[in-house]
Amino acid sequence: MSSVLHPVGPEGSGTYWRRRIVLLLVLAAVVAAVVWGLTRGGGQPSAAQPSAFDPTPSAAATTAAAAPATATGTASSATAAESPAPSADPARECTATDLTVSVGPDAATYGPDAKPRFRLVVENVSDTPCAVRMGSQVEQLEVTAAGQRVWNSTDCATAPTSRVVELEPGKPTGAWTTWQGIGSEAGCPTGQTRAGAGEYAVTARLGDLTTRPATFTLQ
């Protein structure tokens, strides 16, 4: 211990003290470097080098998570690639063998001032739907008495109508026509008289089809 406090040698004691101070400074620097290195290695990871166990997502991951995934581009492409659904084929035109037609009055007996109403009924008797043209342009009703023509729906018709009707098999459709009870002639001349009491018959035509006569009575 005395040699440490009182150095012995050929040189002066100041020289030995200076050497010891330098050695102590070097040792202190080494210890400080070791402590600094341990602190850097055992502390929290720096922001520049995130730990593999760092739960905080990186900026790129945060950006990707914030932008929700969208399928707009894919959906648009798929929609554009799809062709529109084909429309159903229109019903074929009915033939004479596809149809049955009938006509009848809405009452069996009418008073002297009555206006009889007649219903034309068309039915598709085939196995598939078909389309038929109806309306006053193609329909014709006629009233007769004892075989003589009394009234025809086409004599005084104005603005004839026409429409295409699709008929399902076994589902009849009908159209009503009113007779004013007054006779008529082709060209619709004026001065026609009211039909008198007696038995009458009504028939109807639709295109090339003609119904059987249906009878009624005017009082």
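Guide: Buried means under 20% relative accessible area, exposed over 50%, and partly exposed in between, with a 1.4 Å probe and protein chains only. This is a predicted model, in which local features need pLDDT of at least 70, side-chain atom pairs count only at pLDDT 80 or more, and totals for chains, interfaces and linings use all residues. Residues are numbered from 1 along each chain as its sequence is written, and side-chain values use heavy atoms, with hydrogens and water left out.

Visitor: Why does F118 count as buried?

Guide: F118 has 0% relative accessibility, so it counts as buried. W179 is buried as well as F118.

Visitor: How many aromatic pairs does the structure hold?

Guide: It holds eight. Rings of Phe, Tyr and Trp (its six-membered ring) pair if their centres lie within 6.5 Å; planes under 30 degrees apart count as stacked, over 60 as edge-to-face and the rest as tilted.

Visitor: Why is the pair of F118 and W151 called tilted?

Guide: Their centres are 6.5 Å apart and their planes stand at 40°, so the pair is tilted. F118 lies in strand β4 (residues 117-124) and W151 in strand β7 (residues 148-152), 33 residues apart. Strands are DSSP runs (E, at least two residues), numbered from the N terminus.

Visitor: What makes W151 buried?

Guide: W151 has 10% relative accessibility, so it counts as buried.

Visitor: Why is the pair of F118 and W179 called stacked?

Guide: Their planes are at 25° with centres 6.5 Å apart, so this pair is stacked. W179 sits in the loop between β9 (173-178) and β10 (198-206), 61 residues from F118.

Note on methods. Helices (H or I, at least four residues) and strands (E, at least two) are DSSP runs, numbered from the N terminus.
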